Structures are given as structure tokens and as C-alpha cells.
Amino acid sequence: MNHPEPAPDLYHPSEIEAKWQETWDREGTNVVPTDRLRAPDRPFYNLMMFPYPSAEGLHVGNIYAFAGADVHGRFHRLQGKDVFEPIGFDAFGIHSENFALKMGLHPMDLIPRNVANFTRQLRRIGGMFDWKHTVDTTTPEYYRWTQWLFLQLYKGGLAERKEAPVNWCPSCMTVLANEQVQGGHCERCDSAVEQRRIAQWFFGISKFAPRLLENLATLDWSDTTRKAQENWIGRSEGAILRFADANGAGSRAGAAAEGVTRGGSGGEAGAEIGVVEVFTTRPDTIFGATWMVLAPEHPLVDHFTTDEQRAEVDAYRSTAAKTDLVARKKTDKTKTGVFTGGHCVNPATGRPIPVWISDYVLMEYGTGAIMAVPGHDERDFEFATLFGLPIPRVVAGEGQDADTPLTEAWTGSGRMVNSAPFDGLEVDEAKRAITEWLAGKGAGELTVNYRLHDWCISRQRYWGPPIPIVYCDGCGAVPVPEDQLPVVLPRVEDFKPDDSGVSPLARVAEWYETTCPDCGGDARRETDVSDTFLDSAWYFLRYPSTDVDDAPFDPGITKAWLPVDSYIGGNEHAVLHLLYSRFITMALHDLGHLDFEEPFTRFRAHGLIVKDGAKMSKSKGNVVVPDPIIEEYGADTFRLYLMFLGPFEEGGDYRDAGIAGPWGFLKRLWDTVVPVEELSGEAPDPAVERKLHRTIAQVTRQLPELGYNTSIAALMEYLNAVRAGGRQARRGEVEALVPMIAPFCPHLAEELWARLGNRGSIFSGANWPGFDPALCIEDTVTVAVQVNGKVRATLELPRGSSEDDALAAARAEENVTRFLEGAELRRIIYVQDRLLNLVAT
RNA sequence: GCCGGGGUGGUGAAACGGUAGACACAGGGGACUUAAAAUCCCUUGGGAGUAACCUCCCGUGCGGGUUCGAAUCCCGCCCCCGGCACCA
């Protein structure tokens, strides 16, 4: 008699997700075709930091970042923009190489495997990626242009090979850029970094320091990121002051002084022999400078060292040279130093002062030499106390005078004392006055110093793009002609690095032996490869132009799509990738290849996902493995949960049980919409409709600001209202939920969209719902009634009620009158539609 | 030391200077079930009072301040996270 019950139409994420991923691929839903790239209507370049394809696969942190950026891209797409959302692989570099070594595999075999696995996972999480425009930095088609980039900088005078003290990681057996040294440790492997003097290729980023700093103010970037770059660039105003040898320049026989190298400005500045240049932010205190300190590596050390002191000086220098950066830069150790025997003349006092060397002065900052002012610098004070050097006072603060004893360095403000004609000037006035006075004597000038150094880009490793330079005995360093690019990285089975300071490629004679492009004579290829951060410093320029093979980026396409509209990524790259990308863009702009100089109009740093309040790590055993979760709940639920955890820009604490909330919500949404025939066609309930419009308004406002967690909460709240007390949903009440959930849960949204009878992808048009501001307003409002700031009652009043009406209603509340009894009403504060505060005594 | 960002229930978190704890998780109670799972409903900051509808007191790291009113603004501390750090 009864028909078999039809199989209940339940939410099965794995089925619908696979179905829609196939559909997207088949229909090319996420691809921006070449003609569209050339002529977009409303282009929106939605960029996220491309991953490094590890063997472990995508981790939750990756998925969090990609999901958050994907939500952003999908939202803009639903608003009718042409969204270009590419992804690729940053697959060169030491990390991959080390892993290959560990596994006994070759990176050329390993990387494609990892890339394939990552691709599978990236598709599975439902990213709106344009797979037709992807990059893999290890392919010759890509690194050909990385090499091209090197040549442009070389031709532009921004790439230079020079010998300088560089950071050497004894474990990775390669040099590192300053940005890759974190607190004296290798960013990659955490080993203590040593200093070596090897000839390296440098990019002249320090020339751009002022612009890189100034432009920051014009960028719509996360504050934290801007601050990190600001700190890193490290502008400080001060003066260069010159202290001449007390014995006269060059008087000491055999002194092989090379002059002064300025660390911060590229080292091109020379100086008179025997004159020490110092950088100081306190030129006002020069009358209190009672000795000089040179860094142990300073080129003038030999010049000043007397025969009597030579043994001691040499011993100190060789100890310093052997100390790694961690030990060297430790701030809590007792200061050490050695007197060279030489003296300089203080240009202010005319008196000779001794020249010391000490490792608390760093060759890499300023000029590598300081004037020591013990009275007004904490470090110099400590040094003077230790070695019994005089500590005169030249600044007197409030309540101090020229003779107030110094028990510690006075670094505050005040007036000059013991400074001949400048006594009585305020510190700030004295800085300028004294520097001008010294400048008149040729002893100094005001200047600005930056701590940003040139970018060391050569690596003595195998897994990177060979630097396209050839060394010819006759012609010297010769760039490889652009039409001979790429210089292909050969497959070398023995790619293990060693301590020699040269790349494994230097063992492959058949590769490095070549002929000079200029004279045709015997020549040798550069065997160093370039830094991975060079690969990633320009990848966003390549994405839209991957269809172009005769240029790194097509001018027309680039003009249409760049700079990048939205870039979302981790703040760990604030001073690495993001700074390098800005520099490369600025350099390409100056060299005439780009018409903009900042690559990323808007950048947002996402937060960090932690587990149990701690960073996820293998050693803590709190790593969340994504695949089983996606298996069980589907990508949509996983994405939704990650975005629901907390504010996207602050991260969140992942708890396994928490996924039940978003999962239940999606099931409820499914159950509400899917019996499509049962949905009532009646007009929406007026109260529900008002809530709907308010929800649309809120989500429309919050989504572009990455307010994901509160948007999701609003959607949940709305669905709760639709279903309140088990009520039946009407079609007009739920239809708009589908596009609103779509950025978070694209597969589910497509399925519901189709089941509601729509044709084509929900993302193929401007399907974001609109709202009527008039409908966002409730007729009645809840007004809190306070007596002396404490809530005693709440009133339901018509919107826009007058103060008198509100007061009358409040007086009718027993709980209000109770508190007003026997008191005098002194003041009434009325905030319409919000609150009534009765102040009584 | 300097520069950012934080500190709110058992937990993740909400809150234009205007009813602190939205939305969830976990917990408690109930419905359905032979039972469980799933689902649904109610409840849940702490304390006190009341037969009950309810009402009161306390409460946003600590101490002050501004204000009719402060998680929010100001001053001084403490703690956590991130960046820089012998930077002259």
C-alpha cells in the first residue's frame, strides 16, 4: 500500500564537492581567458602568497591563508568583477634541497611529485584558482626570466659583485642575506651564523631605502607589516663627523689603510687616509667624546695600531673573527676592547683622544666607528667604567649642572655644558649648531643613516637559477646575452654543498666551462645560484602573462591588471619577500619596464592558527592534519570553520570539537533549502525580511574588510531566525543566503543555487544580493532605562520616540520609580532609540 | 630597551563611549529511540534573595582619572604574543 520512502536527500559534501570541482574545471569557471586578460572590464587581481611545495603537503596554516584570500576573491567576483586568482609554486631553494638530500632523492624528481600533491590538495579545498596561469619557479620557462631580471639589474648598475663580510650558515653551507639572519641564527635551520669574507653578488636595495620608507605611508597595508618594514629600513638622523689622526695622516710607515667603508650606503664612500668617520645621532655631545672605538674589522685598525700594541690588537681581532654572530651580538656580556696605541684629534676640543677597538661597534652599521661619549651613552659609560676612561658631562638635564656627578649615562634632554661656545643651548639646537660649526671646519655634516643593507643574492648551493654571468680571462665578468637564456641548471647527481664557499656546480667542469660571449675565448660560468627570494620577488608579474613566451610580462596585460589589488599573506615575510618585491618593482620601474613603483596596493597580514594556545609544531605534537577533516566534513565546512575561529587578521585557536558548529549550520542550511518544492512561495515574513536586509547590509560591509567571523555569525543568527521555533522557511527568506555563504562554501552554494533552479555557476554573474536600507530599520526599538548609570528596565518603544514619551514610559516602570523614590531628578540623558539615563540624587 | 598587537564566561570569541558576553564549542536538563548516534527543544558569567513572575549585588589583567555613563578614552603598572635590538 505504501510507496517505498524516497532516500532522504542528505548533505553529502564529498559528492557535491567533487562534482563542482569537476564542473569548474570542465567549464573553465575560474580561468580568465587570454582575451579577457588583455581587455578586462573590472579587473581585480586577488593575490595570495604562493606556497613552497613541501613533501608533507598543505598544512592548516596554508589552508587558512588561502581560504581567507579565496573568500575575498569570490566576494569580489559575486560583485561582478573580473577576478584573477592565480596560484603557483615557490619550489627552488635550500629547504627543498635539504629535504631531497635527507631522503636521498634528486630535487628534479622530488619537486614535481610535491607539486602534483599540492595541486591535488589546492583543488580539493575549493580555491578559485586559475590553473591555466600558474607558475613553478623551477621550470626553465620561469627562471629564464628570473635570470633576465638579474641582467636588467646588472645593466642598471644595481647588481654588483663585491667582497664583503657576509653571513655564512655553517649548516646550510651558504651565505645568507641579512634578512635571512634572525637574531644571529639562520632563518632556515637555526644554526648560529658566522661571518666570512667572500666575493658575492649584491643588489643595490640600500639606494632605495629612502623611497622604500617614504612610500610606506601611501600604501594600504596592515600596520604591523608597515611597522616591521619601517624598523628594518631603520632611518636615523644624525651626522657624519671626521676625526683626524693625531700624528697626521699617513705618518705611520707601512700603514695600509683603505679608507672608510660605509656599511649603510653601499660602501662606495672613500675618505682621506688616516681620518676616521663616525656616524652619530648625538653630534651635540662631541665635546664629551673622550676616545674613539673602531670595529675590529675596520680598515683603519692597522693604520692606528702601534708596534707595542700590535700583538694584543691582532689577538683581539682574530678572536672576534672566530666568534659567531649570536655570541658576538649578545648584549648581556661584559664589554671587551683593546687600545690600538693610536690617537685622533677631537675636532671640537682639539685634544688628542685614544683609538680603541671593540666588538660592541659593528662594522655593518654606520661607518663601523664611533666617537665614545661615556657621559651620555649607556654603552660607552659601561666601557669607560670598565677601562677607567674619563666621563665628562656635556649635557645637564633638569636640576643638573655642569658639575653634577654622573653615576650613569644621561641620555635625556637638557642644555649643553662644558661645551665652550655652545653652553646653554638645548640639545636639539646644539645638534644643528655644532654640526654646522664642524662642517665649517670640514669636520662633518648632517646626514641620514639607514640600517638597510644591500641584498646578498648569491648562494653556494645547487637548487636555484644559475646567475647568468660568465667570467672571461680577457673580458672579466660578462653577462650572458638575453637571447641565450635560460642558463639551464644541469641535472647533477652529486649536489651536496660543502664548506668550500663555492657551489656544487663548481665541481661540474662540463657545465661551467664555456666560451666568452664577447671574445669567444675560454671562459667559466658563475657557479653560484640566486636566492629563492629573487624567484618570489616578481612572480606576481608573471602570472597574468604566462601565455606570453617572448617577455617576462606583457605590457598591455600588466597595465590592465597591476598593481595587485589585494594581497593577503603571512607577516613572517614582512621584511623578506614583501620588501624584496617592492624593491624589484621599484627597480623595474626606474629601468623603464613598469609604469608603477609599488606592486601591492593593498596588503593584509592574516593571523596565525594556533592549537591549545601554542604554535603548531611536530615536536609539540599539536599539528592538525587537514585531509582527514576534509574527508569527514568536506572542504566547505573546514573553510567555514577556519574563517569562524576568530578575526582573520588575528588568527585563532583551533579546537577539534569546534567544527561541529559550522558543520551543523551547513546541514541546517541544506535541510532548509533543499526540499525546494516545499519552500513556500509566500512573501517573506516582514520581521524576517527586515532581519534579512540587516544581515545583507552587515555582511556586505564586513566581508571586504575581512570581517569573516562576525559575518558568519550574522548568517547563523539569520538562519536561526528563519527556523525559530521550527518554523517553515519561505523561498524569499532563504534565497539570498546562498550567494552570501558562497565565498566561504563555494561547492554547497553552487549546489543550492542549481537546485533553486538557476542556470550556470553562481560565480558567473554579479549574484551578490542587494538590500533596502529602509528595510534595515526596525519599527520598534529596545531602549535601556538607567538610573544613575545602572540599567533598571528596558522599554519597547516606536522608533524615533521623543524624550518625553520615553520618560513617560520609563516612569511607568515600577523598577525605575523604585530607584527614583525620595531622590531628586537632576538630569536626563536621552540617546534616541538607545538609552535613557536618569540622574538623581 | 624600543616599536606593534593583545589580556573579556569552562573554551573560541562579540560589543559606533550607551542593556557586557552576539555567534559557536563544551557542560546540564528534556524530546525522539529498545538503546546509542544523529537531530530537535530548554538552560548555562559568579554570588544572593524569592513559592514564583522576577529582583539585587559583583564582574572585561591591576591601580588611578575623565564622563550622566568606560571593555572601549587618558595616566601609571603587570602579564602574553610578534618585530627590531651593543643600530652609535
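Setting aside neighbours within four places in sequence, serine 236 is in contact (heavy atoms within 4.5 Å) with Phe279, Thr281, Tyr365, Thr447, Val448 and Asn449. This is a predicted model: local features need pLDDT of at least 70, side-chain atom pairs count only at pLDDT 80 or more, and totals for chains, interfaces and linings use all residues. Residues are numbered from 1 along each chain as its sequence is written, chains are lettered from A and ligands numbered from 1 in the order in which they are written, and side-chain values use heavy atoms, leaving out hydrogens and water.

**Around serine 236**

- You'll find serine 236 in strand S9 (residues 235–244); helices (H or I, at least four residues) and strands (E, at least two) are DSSP runs, numbered from the N terminus.
- Serine 236 counts as buried because its relative accessible area is 16%, and the cut-off for buried is under 20% (1.4 Å probe, protein chains only).

**Where the RNA sits**

- There are 56 residues around RNA strand B, and Thr281, Lys335, Arg379, Arg451 and Asn837 come nearest; a residue is near if one of its heavy atoms lies within 4 Å.
- Of the RNA strand B atoms that come within 4 Å of the protein, 62% belong to sugar and phosphate.
- Threonine 281, one of the contacts of serine 236, has a backbone N or O atom 2.4 Å from a sugar or linking oxygen of RNA strand B.
- Glutamate 717 puts a polar side-chain atom 3.2 Å from a sugar or linking oxygen of RNA strand B.
- For arginine 792, a side-chain N or O atom is 3.1 Å from a phosphate oxygen of RNA strand B.
- Helix H23 (residues 708–722) supplies the largest share of this surface, with 6 residues.

**A four-stranded sheet**

- An open, antiparallel sheet has 4 strands in the order S4-S3-S7-S18; two strands pair if DSSP finds at least two bridges between them.
- At the edges are S4 (174–176) and S18 (455–456), each pairing on one side only.
- Strands S3 (residues 159–169) and S7 (residues 194–203) run antiparallel and are joined by 10 bridges.
- Alanine 164 has isoleucine 198, in S7, as its bridge partner.

Definitions and conventions. A polar contact is a pair of N or O atoms within 3.5 Å; within protein, one must be able to donate a hydrogen and the other to accept it, and residues adjacent in sequence count only if both atoms are side-chain atoms. Buried means under 20% relative accessible area, exposed over 50%, partly exposed in between (1.4 Å probe, protein chains only).
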